[in-house]
Amino acid sequence: TDLTGFEVLFRFPTSATLDTSKLYNFYYWTSANGGTVSEAPQTIAVRTLSALTGMQPTKFVWELWTGNARSPQYDNSTLLLNILDTAKQAGFNRYQSSDDASFNSTLNSYGLDPFLTINFADGRTFDITKPYLAAHPTDGLVDKNGVRSDKYMCTTQLLGANWSMFQQSIKSVAQNSGASDIEYDYENDPFSSPHACFDSRCLAAFRTFAHISSSVTLTPAKVQSTYASQWNDFMASRAATLLKKMKDAVHSGKSTTHFVAYSGYQSSYTKTHYGIDWNLIGQNQSVDEAAMGYGRSATSIADSKSALGAIPVTFGELLSPYSKHSIDPVPPLLRSTMLRRALDATAGVLIYMRPSMDGRSWKAVADVSRLTADYETLFLTKTLQSVSGQDPTSVQIATGGGKTILCVMNLSASQNSSFNFQVPSSLGQGRDFFTGAHINGGQTLNITLAPGDAKAYVF
């Protein structure tokens with residue numbers, strides 16, 4: 001039996017009185033043949049946590065990549081509703097779904113906006129390309145080894161003569177799925193992806209793009225050995241064009257549906273490994289919203305936001321390892337990291353992904369989602385300022401909508417971090433958002449934060 005998609009969920013009754021400082025044991029075992037064959041019981045230690053007190057913002061995004069916790073993939077409807085309820089309690093307001101309109105309506109009832117993914121290596125696309133290419137094989141993509149595909153379309157044909165068939169498919173999804181957002185997870189190696197075509201049409205288009213003399217014989221090998229940099233630029237330009245076409249197709253189906261593209265932060269690595277240059281995305285206004293991850297390089301984040309211009313962006317946090325084949329423990333999400341992502345982003349925060357989350361991760365999201373809901377205008381319009389003598393990665397002031405938040409974050413998952421500085425006197429009187437304790441501008445703040453903890457002082 002393949003158990004890679006098997007999940008067990010534990011839900012404590014609301015009437016239960018549990019000691020959150022105590023470790024409990026779950027016992028489990030496998031058996032067969034009506035119980036006549038059984039392994040010895042095994043245990044896993046668990047600690048209960050207080051109830052989630054997250055809050056769903058109206059616009060600031062908390063996006064959950066859900067694994068297969070959606071219809072029709074998930075085969076236990078009761079447990080699925082429990083997952084939706086937990087997502088709501090944590091403050092998530094965008095939920096990875098499918099094109100099942102009925103299930104997406106259920107998501108709406110939990111305050112969750114459904115989003116689904118479209119790419120060019122999935123069943124929906126192959127339903128279009130395989131029959132067409134069976135009848136028109138010369139329109140198939142030619143890969144870097146000279147092999148013609150029977151499922152991927154020549155990119156010149158995709159963007160040109162054959163676009164209408166894809167446009168109609170995307171339009172139909174936008175019209176009929178009930179999704180509020182449609183997303184392309186664009187991580188396509190420029191030399192080996194569903195769009196990396198080296199047939200005569202694409203090589204001719206590349207020759208024109210890169211201003212290569214007609215006297216040069218272009219082959220896939222020649223491109224890789226001599227013109228790799230120009231090819232990366234060419235493919236990034238094609239990505240921007242494709243995404244703009246997809247955005248327009250989404251809007252033709254439903255004008256209020258957002259089109260989102262995910263990839264790495266703006267960098268040479270993202271262009272050469274994932275085929276994206278966010279500068280081109282910003283110039284072409286190719287998406288309604290961008291999404292990026294993971295980790296945090298201040299330079300890459302600044303470059304990404306600069307490249308996008310007015311296009312809003314969500315920044316992500318990855319729970320790793322996320323493979324169900326791995327038995328390694330998954331470090332939980334941290335309150336400090338969630339706050340850091342929310343400060344950096346202009347649209348919201350995305351989490352990848354749900355099956356790797358334990359109670360600590362749900363609680364970290366809940367704590368910060370409540371803050372972003374209560375001060376949503378600030379988080380959507382904020383400007384960030386440093387505090388004299390403090391590293392802005394860990395101590396930062398956010399202002400917006402007539403409000404101010406002083407954020408102090410211990411981003412370490414293993415060590416305490418101490419902070420000692422004078423609160424700017426201009427901030428006036430405020431309070432600790434999480435505890436309610438009072439704070440005054442001009443006072444000296446001397447605190448030690450546990451690993452992953454954060455303070456948000458609101459003024």
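This is a predicted model: local features need pLDDT of at least 70, side-chain atom pairs count only at pLDDT 80 or more; totals for chains, interfaces and linings use all residues.

A: Residues are numbered from 1 along each chain as its sequence is written, and side-chain values use heavy atoms, with hydrogens and water left out.

Q: Which residues of H3 are buried?
A: Thr125, Phe126, Ile128, Thr129, Tyr132 and Leu133. Buried means under 20% relative accessible area, exposed over 50%, partly exposed in between (1.4 Å probe, protein chains only). Helix H3 itself covers residues 123-135; helices (H or I, at least four residues) and strands (E, at least two) are DSSP runs, numbered from the N terminus.

Q: What do they pack against?
A: Strand E8 (140-142), strand E9 (148-153) and helix H5 (163-176).

Q: Switching to Gln390. Where is it?
A: In the loop between strand E15 (383-385) and strand E16 (395-400).

Q: Why does Gln390 count as buried?
A: Because its relative accessibility is 19%.

Q: What is Gln390 in contact with, leaving aside neighbours within four places in sequence?
A: Val395, Phe419, Asn420 and Phe421. Contact means heavy atoms within 4.5 Å.

Q: And Val8, buried or exposed?
A: Exposed, with a relative accessible area of 53%. Val8 lies in the segment before strand E1 (23-28).

Terms used. The expected span of a helix is 1.5 Å times one less than its number of residues.
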